[in-house]
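Subject: Structure for you to look at, with notes

Dear colleague,

I am passing on the structure we spoke about, and below it you will find my notes on what I found. Please read them with the structure open beside you.

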Amino acid sequence: MTSDTQYRARDWSSHPPYLHPDYRSTGLRGPTRPLIPASQTLSELTGPVYGHESVSPLDHDLTRNARVNGEPLGERIIVSGRVVDEDDRPVPNTLVEVWQANAAGRYIHRNDQHDAPLDPNFRGSGRCVTDAEGRYRFLSVKPGAYPWGNHANAWRPNHIHFSLFGPSFVTRLVTQMYFPGDPLLALDPIYLGVPEEARERLVSRFSLDVTQPEFALGYEFDIVLRGPAATPPQE
Amino acid sequence: MTRKQTPSQTVGPYFAYGLTAEQYGYDFNSIAGAQLAVDAVEGERIRIVGQVFDGNGEPVDDAMIEIWQADAQGRYAHPADPRGSNAAFTGFGRAGTGTDPANRFIFETVKPGRVPAPDGGEQAPHINVIVFARGMLNHAFTRIYFSDEASANAADPLLALVPGDRRATLTADREETTAGIVYRFDIHLQGDRETVFFDI
């Protein structure tokens with residue numbers, strides 16, 4: 001990557017708007033004024049570098065990275081996929097951070113007051129770094145659904161939070177991965193905030209190839225980050 | 001172009017035990033925190049202090065702020081900057097607003113030097129900022145400029161794109177205290193003083 005390579009713009013036909021009234025918290029927190037378009041400088045074409053040295057051997061295995069006196073409860077899952085750019089080129093050596101609720105739908109975060117049990121052997125956070133082909137892989141348990149206060153009888157679908165850097169400051173992405181066939185997706189204003197044609201990109205696919213016999217169900221979830229523009233934009 | 005971008009989703013209210021675990025006292029090491037100016041880093045020590053305000057003017061207690069900056073010589077610790085940076089400085093910081101009683105973020109860092117501009121000149125010293133929060137379906141990009149760099153700010157190509165009456169939202173005010181140099185930088189998500197956010 002040379003320092004004058006520009007990245008493609010954020011694709012606003014793929015991302016949700018800042019203000020999405022059905023997701024109530026956006027009402028006071030989404031910026032209301034138009035974003036100011038700016039060209040990418042060295043400040044944006046560089047970005048935090050976290051490679052394999054940032055990761056410990058158990059960081060990717062949420063079924064083992066917080067054990068106290070046994071295994072976490074729940075349905076074991078393997079989540080894997082590729083991090084690529086818009087031209088399907090792999091994004092190697094990039095940090096992927098994840099966090100999620102436990103199998104009962106409870107986060108260990110102190111502010112989570114949902115009346116479901118904590119699991120002493122499950123923290124629910126981890127990280128890994130993509131390999132040369134952009135692949136990542138996590139082991140975990142399937143997160144439970146949980147209620148939230150957005151509207152009457154609101155429940156979040158099962159999901160795993162993902163945070164990625166990519167090669168530069170502008171490729172940063174925080175998102176959520178969902179599970180196929182979840183009936184709560186059709187009712188979730190966070191998921192539904194995404195333009196309809198882009199929503200399915202947030203839903204993982206069940207994969208028998210990723211599934212490990214006698215051990216864990218497999219889900220595939222590819223993540224597409226902003227890629228280099230083919231030619232530098234004309235000023 | 002064969003694949004489309006994965007949509008953004010909110011960081012939600014419960015990111016802390018994943019992304020800022022050490023700051024919040026969870027048993028998981030953090031890749032980055034609010035202390036960028038470790039001993040071996042050269043440059044003028046500064047503290048960046050601010051709050052994130054919602055549309056009612058209330059401080060947001062579950063935002064996460066990330067900063068990315070050049071070292072004191074204006075060099076980034078990244079392969080796209082062939083000059084490299086002074087070795088101990090990663091240039092990246094991350095802080096949640098949920099542990100300070102006033103919901104402030106407080107970064108201990110060094111004042112960045114001037115960075116090359118695409119036109120061959122130099123940009124004014126600045127820190128690149130990303131704002132995440134529950135209720136924000138996309139993160140927001142902004143920049144911190146410095147109040148004591150008036151002449152450099154006046155010539156900065158990116159600030160020139162910002163309407164004059166909104167530039168102040170990007171300028172941190174310098175204060176020399178007994179505890180050192182403090183720059184105050186508040187982020188207003190909405191309202192009369194809504195911070196300028198960039199589409200970059």
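Among contacts in chain B between residues at least 6 apart in sequence, 68% join residues that are at least 24 apart. Please keep in mind throughout that this is a predicted model, and that the values I quote are computed from it.

To stay with chain B for a moment, it has three helices and ten strands, and read from the N terminus these elements follow the order α-α-β-β-β-β-β-β-α-β-β-β-β. Along its principal axes, the C-alpha trace of chain B spans about 50 × 40 × 40 Å, and buried residues account for 52% of its 200 residues. The radius of gyration of chain B is 17 Å, which agrees with the value near 16 Å that a compact globule of 200 residues would have.

The element of chain B that I would look at with some care is strand β5, residues 126–133, which is mostly covered, with seven of its eight residues buried. Strand β5(B) pairs in the antiparallel sense with strand β2 (residues 63–69) of chain B over seven bridges, and in this pairing Met64(B) stands opposite Phe132(B). Strand β5(B) also pairs, again in the antiparallel sense, with strand β6 (residues 140–146) of chain B, here over six bridges, and Asn128(B) has Arg143(B) in β6(B) as its bridge partner. Six residues lie between β5(B) and β6(B), which together form a hairpin, and in the turn Gly135(B) has a positive phi of about 85°.

Next comes the contact between the two chains, to which chain B gives 61 residues and chain A gives 71 residues. On the side of chain B that touches chain A, at least two residues each are supplied by α1 (16–19), β5 and β10 (198–199) of chain B. Sorted by class, that side of chain B has 36 nonpolar, 18 polar and seven charged residues. There is also strand pairing between the chains, in that two bridges join strand β1 (residues 36–37) of chain A to β10(B), and these strands run parallel; within this pairing, Pro37(A) has Asp199(B) as its bridge partner.

Chain A, finally, has four helices and twelve strands. Its radius of gyration is 19 Å, close to the 18 Å that the globule rule gives for 235 residues, so chain A is as compact as a globular protein of that length. The C-alpha atoms of chain A fill a box of roughly 60 × 40 × 30 Å along the principal axes, and buried residues make up 46% of the 235 residues. Among contacts in chain A between residues at least 6 apart in sequence, 71% join residues at least 24 apart.

In chain A, four strands form an open sheet with antiparallel pairing, in the order β4-β3-β8-β9. The edge strands are β4 (125–129) and β9 (173–178) of chain A, each of which pairs on one side only, and neighbouring strands of this sheet are turned by 25° against each other on average, if direction is ignored. Within the sheet, strand β3 (residues 95–100) of chain A is joined by five bridges to strand β8 (residues 159–164) of chain A, the two running antiparallel, and Val96(A) stands opposite Leu164(A) in β8(A).

With best wishes

Conventions
Residues are numbered from 1 along each chain as its sequence is written. Chains are lettered from A and ligands numbered from 1 in the order in which they are written. This is a predicted model: local features need pLDDT of at least 70, side-chain atom pairs count only at pLDDT 80 or more; totals for chains, interfaces and linings use all residues. A residue is buried if 20 or more other C-beta atoms lie within 10 Å of its own, exposed if 12 or fewer, and partly exposed in between; C-beta atoms are placed from the backbone. Two strands pair if DSSP finds at least two bridges between them. Two residues are in contact if their C-beta atoms, placed from the backbone, lie within 7 Å. Ala, Val, Leu, Ile, Met, Phe, Trp, Tyr, Cys and Pro count as nonpolar, Asp, Glu, Lys and Arg as charged, and the others, Gly among them, as polar. The radius of gyration is taken over C-alpha atoms; the globule rule is 2.2 Å times the number of residues to the power 0.38. Axes are lines fitted to C-alpha atoms, for helices over the stretch in contact, and angles run from 0 to 180 degrees between N-to-C directions.
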